[in-house]
Amino acid sequence: MKLQPLTPGAAEPFAYAIRAVDGKMTEVPMVNEIGDVPGRHVFTVLAPKPVPADAISITFLERHPHSTQSFLPLRVGRWLVVVAPTLPSGDPDLANVRAFVAGPEDAICIARNAWHAGLTVLDQPAEFGMQMWRSDAGDDGVVFTLDQPLTLSL
């Protein structure tokens with residue numbers, strides 16, 4: 001599958017750009033959305049290691065039924081945003097996966113319950129701030145292991 005550049009609106013309705021509108025202060029309410037189960041907001045700094053750009057393989061997708069999940073680049077080169085619709089069965093629709101290359105200027109908020117790949121970076125070790133609602137019951141991560149990995153190319 002060929003990766004596309006992440007442009008404004010390209011990953012919607014699964015992921016939304018976090019940006020200032022018209023160069024002005026812009027509130028982004030979905031980042032602070034309160035989950036639909038007891039829990040709390042958490043802010044975590046993630047430090048993913050890069051994968052080779054010629055060997056991008058996605059082996060699972062995940063979703064968070066109770067919360068949005070926002071990724072704010074702190075130090076990063078290129079990174080991936082991979083999203084998929086949901087089938088009536090609740091599984092990801094693998095025939096309609098969309099994959100994008102993001103850059104250091106791209107921050108996103110993954111919509112609640114949207115299938116997406118784990119954080120994958122390409123060029124260098126990275127750091128991201130990640131904010132989400134953390135369920136007290138610890139039941140907000142659903143993982144779908146792919147029978148065949150998705151191979152992505154630039």
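This is a predicted model: local features need pLDDT of at least 70, side-chain atom pairs count only at pLDDT 80 or more; totals for chains, interfaces and linings use all residues.
**Exercise 1. Describe how strand E6 (residues 79-84) is enclosed and which strands are joined to E6.**

Step 1. Six of the six residues of E6 are buried, so the strand is largely enclosed by the rest of the structure. Buried means under 20% relative accessible area, exposed over 50%, and partly exposed in between (1.4 Å probe, protein chains only).

Step 2. In a regular strand the side chains alternate between the two faces of the sheet. From E6, Trp79, Val81 and Val83 point one way, while Leu80, Val82 and Ala84 point the other way.

Step 3. E6 runs antiparallel to strand E7 (residues 98-102), and five bridges join them. Leucine 80 has valine 101 as its bridge partner in E7.

Step 4. With strand E10 (residues 120-121), E6 pairs in the antiparallel sense over two bridges; here leucine 80 stands opposite threonine 120.

Step 5. Two bridges also join E6 to strand E9 (residues 115-116), again antiparallel. Alanine 84 is opposite tryptophan 115 in E9.

**Exercise 2. Find which residues touch the most other members of the largest nonpolar core.**

Step 1. A nonpolar core is a set of buried Ala, Val, Leu, Ile, Met, Phe, Trp, Tyr and Cys residues joined through side-chain atoms within 4.5 Å.

Step 2. The largest core has 22 residues, and Trp79, Val81 and Ile108 touch the most other members. E6, E7, E8 and strand E11 (127-135) each give two or more residues to this core.

Step 3. Leaving aside neighbours within four places in sequence, valine 81 is in contact (heavy atoms within 4.5 Å) with Leu6, Ala15, Arg98, Ala99, Phe100, Ala102 and Ile108.

Step 4. Another core, of 16 residues, lies apart from the largest one and includes Ala99, Val101, Leu122 and Leu146.

**Exercise 3. State how many salt bridges the whole structure has, and locate three of them.**

Step 1. The search finds five salt bridges. The criterion is a side-chain nitrogen of Lys or Arg within 4 Å of a carboxyl oxygen of Asp or Glu.

Step 2. Arginine 19 and aspartate 106 form one of them, at 2.4 Å from N to O. Arginine 19 lies in the loop between strand E2 (15-17) and strand E3 (39-46), and aspartate 106 in the loop between E7 and strand E8 (108-110), so the pair ties together parts 87 residues apart in sequence. Arginine 19 is partly exposed at 38%, whereas aspartate 106 is buried at 5%.

Step 3. Glutamate 33 and arginine 112 form a salt bridge, with their closest N and O atoms 2.7 Å apart. Glutamate 33 is in the loop between E2 and E3 and arginine 112 in the loop between E8 and E9, 79 residues apart.

Step 4. Arginine 112 also meets aspartate 36 in a salt bridge, at 3.7 Å from N to O.

**Exercise 4. Identify a cis peptide bond and two positive phi values.**

Step 1. Most residues other than glycine have a negative phi, and most peptide bonds are trans.

Step 2. The peptide bond from glutamate 12 to proline 13 is cis, with omega near 10 degrees. Proline 13 is in the loop between strand E1 (4-5) and E2.

Step 3. Aspartate 22 has a positive phi near 55 degrees and is exposed at 70% relative accessibility. Asparagine 113 has a positive phi of about 70 degrees and lies in the loop between E8 and E9.

Methods
Residues are numbered from 1 along each chain as its sequence is written. Side-chain values use heavy atoms; hydrogens and water are left out. Helices (H or I, at least four residues) and strands (E, at least two) are DSSP runs, numbered from the N terminus. Two strands pair if DSSP finds at least two bridges between them.
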